[in-house]
Amino acid sequence: MRAGFALLAVPLLVSCGGSAEQSAPPPTTVSAITSVTPAPRASAPAATPSRAVSPRPTAPTATPRQVDLARLVVRSATFTRRSSRDWDRQRVGAFDVERFVSKLSGTPQEDRQLLARTGFVRGYVSIRMSSDDRRLAVYLYRFRSHQGAVTLQNRFWGQYEHGDTFTVRGISRTWTDSGLTKKSSPTRFTAGANVNFVVGNVLAQVTVTESSQTIDGLRPDTRLAAAISNLQQDLLKTAR
């Protein structure tokens, strides 16, 4: 499910206490080029074959864009615990189209077509908890092109109604919303702040939520969501 406070659960650093945040450095990969000696032509005169070699066609050298998306999720000193909630545990990890429509989508048939049309390649979901039980969800979607990521960002955002917008400095073309939701049975209030943005061919969705049985003092932490989003953007830019 996408972020949006009609359905708060997302399709998803610095801490409030001022603790330092770190992002994992992008990995480096090396690919070898294999060479072979071409066979002599049938019409060639009997002679010692040439020692010249021609490289066998190989796949393009791996780039940071091609590494496991799990290594491109921003790391947080605030959100360090894995979620113990069944709903979260069933959704974290890598996903392709089939896993997305079966586990993460609120509109499976529509989303299957969207992912196919926009050139979706693969994605990854990370859900981490803080010591005070706040929740950070990060979704990364990789596409074959930048335009595919932008198109899906627009289409996903248009599927739901949204709450209040807020500003994220340093990131162009962000979709943001924040608000409060109430679950009646049992009574529970949730405050959430969500940021969507595109870097290269990757769509990123960052959502910070906090729940309580009372609404007193419960507010969406838009500053924390913005700070995490800036670090996530920096990490994706470094990997380009």
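## How α3 and α4 pair up

Helices α3 and α4 lie roughly antiparallel to each other, because their axes cross at roughly 160 degrees and anything over 145 gets that label. This is a predicted model, by the way. Here α3 covers residues 108-117 and α4 covers residues 146-157, and the two axes come within 10 Å. As for handedness, α3 makes a right-handed crossing as it passes α4.

So who touches whom? On the α3 side you'll find E110, D111, L114, L115 and R117, and they meet L152, R155 and F156 of α4. Sort the residues of that contact by type and you get four nonpolar, four charged and no polar.

## A closer look at α4

Helix α4 is twelve residues long and spans 17 Å from first C-alpha to last, close to the 16 Å you'd expect at 1.5 Å a residue.

Its buried residues are G148, A149, V150, L152, Q153, F156 and W157. Two of these names, L152 and F156, also turn up in the contact with α3. Besides α3, the buried residues of α4 pack against α2 (97-104) and the strands β6 (135-143), β7 (175-184), β8 (187-199) and β9 (202-212).

## Q232, a glutamine tucked inside

Over in helix α5 (residues 222-238) sits Q232. Its relative accessibility is 0%, so Q232 counts as buried; the cut-off for that is under 20%.

What does Q232 touch, leaving out residues up to four places away in sequence? The list is L72, V73, V74, V138, L140, F197 and A204.

Technical notes
Residues numbered from 1 in each chain as written. Predicted model: local features only at pLDDT ≥ 70, side-chain atom pairs only at ≥ 80, totals over all residues. Heavy atoms only, no water. Axes fitted to C-alpha atoms, helices over the stretch in contact; angles between N-to-C directions. Helix = DSSP H or I, 4+ residues; strand = E, 2+ residues; numbered from the N terminus. Parallel < 35°, antiparallel > 145°, perpendicular 65-115°, else oblique. Left-handed = near helix turned anticlockwise from the far one by under 90°. Contact = heavy atoms within 4.5 Å. Nonpolar A, V, L, I, M, F, W, Y, C, P; charged D, E, K, R; others polar. Buried < 20%, exposed > 50% of the residue type's maximum accessible area, 1.4 Å probe, protein only. Expected span 1.5 Å × (residues − 1).
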